[in-house]
Amino acid sequence: VVTESLVCTDFIDNVVREREGEDIEGRYLLPHGDPYEMARCRVWSDKVAKELCSPYYSLLVKKEREERVEAYENIKAGIARFSRELEKTGGKLFLEDDQLSVVDIALFPWAWRYYVFKHYRGEEFDVSRDSMPTDEHRPFFDWLEHVTELPKVKKTLPDKDRYLVHIGKYADGSARSKVAEAVRRGVAAHEYDDEIDKH
């Protein structure tokens with residue numbers, strides 16, 4: 001069984017490539033014809049998972065304000081780093097030819113959900129263009145708006161109000177998942193342990 005989301009994405013990309021052949025352009029999540037770009041995508045998909053996805057749970061699950069502030073500042077710094085990397089390509093997505101990549105797929109679900117912070121943690125934890133109007137964050141918000149409007153992405157998005165209800169158990173401390181247990185014991189969400197963090 002393949003369980004880790006980034007590993008699953010890589011697995012699916014390889015299965016599609018194997019079934020459909022190498023000649024189909026623009027459909028793969030990793031640029032297989034360019035070893036440098038492929039490596040760059042793998043590095044950045046791991047970076048966004050650790051720097052922009054894991055802190056999502058820390059900000060929601062942690063009870064101490066200082067820990068929440070630290071998670072929020074980590075997200076802001078991660079957004080700035082991702083923005084600098086986006087500017088290298090000059091496109092609307094992570095890859096310069098506007099091909100949806102593993103990096104876009106890894107980050108988008110969490111980035112789209114950042115609206116929950118303002119709802120559950122207040123104005124000071126807002127992650128939006130209004131709360132981060134500087135040029136160092138602009139490429140990220142341009143990217144987020146672009147990906148949100150892609151028809152193939154738009155049709156997969158959950159209702160925001162229903163998602164708020166769903167994620168509320170993380171904010172109120174009642175969530176029982178491996179990720180929630182890992183964050184409560186003091187490690188990052190991506191560092192959960194199947195043996196220790198049972199729910």
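Modeller: Here is a walk through the salt bridges, pair by pair. Keep in mind that this is a predicted model. Searching the whole structure turns up 16 salt bridges.

Start in helix H2, which covers residues 35-61. Here Glu37 and Arg40 join their side chains in a salt bridge, 2.6 Å from N to O. The two residues are 3 apart in the helix, so about one helical turn separates them. Arg40 counts as buried because its relative accessibility is 7%, and the cut-off for buried is under 20%.

Stay in helix H2 for another pair. Lys47 and Glu51 are both found there, 4 residues apart, or about one turn of the helix. They form a salt bridge, and their closest N and O atoms are 3.3 Å apart. Lys47 has 25% relative accessibility, so this residue counts as partly exposed.

Arg138 forms a salt bridge with Glu87, with 3.4 Å between the closest N and O atoms. Arg138 belongs to helix H6 (residues 138-149) and Glu87 to helix H3 (residues 65-89), so this pair ties together parts 51 residues apart in sequence. Both partners count as partly exposed: Arg138 has 35% relative accessibility, and Glu87 has 46%.

This pair also belongs to a network. Salt bridges link Glu87, Arg129, Arg138, Asp142 and Glu145.

Why can such pairs form? Side chains of opposite charge can pair when their charged atoms come close.

Key:
Residues are numbered from 1 along each chain as its sequence is written. This is a predicted model: local features need pLDDT of at least 70, side-chain atom pairs count only at pLDDT 80 or more; totals for chains, interfaces and linings use all residues. Side-chain values use heavy atoms; hydrogens and water are left out. A salt bridge is a side-chain nitrogen of Lys or Arg within 4 Å of a carboxyl oxygen of Asp or Glu. Buried means under 20% relative accessible area, exposed over 50%, partly exposed in between (1.4 Å probe, protein chains only).
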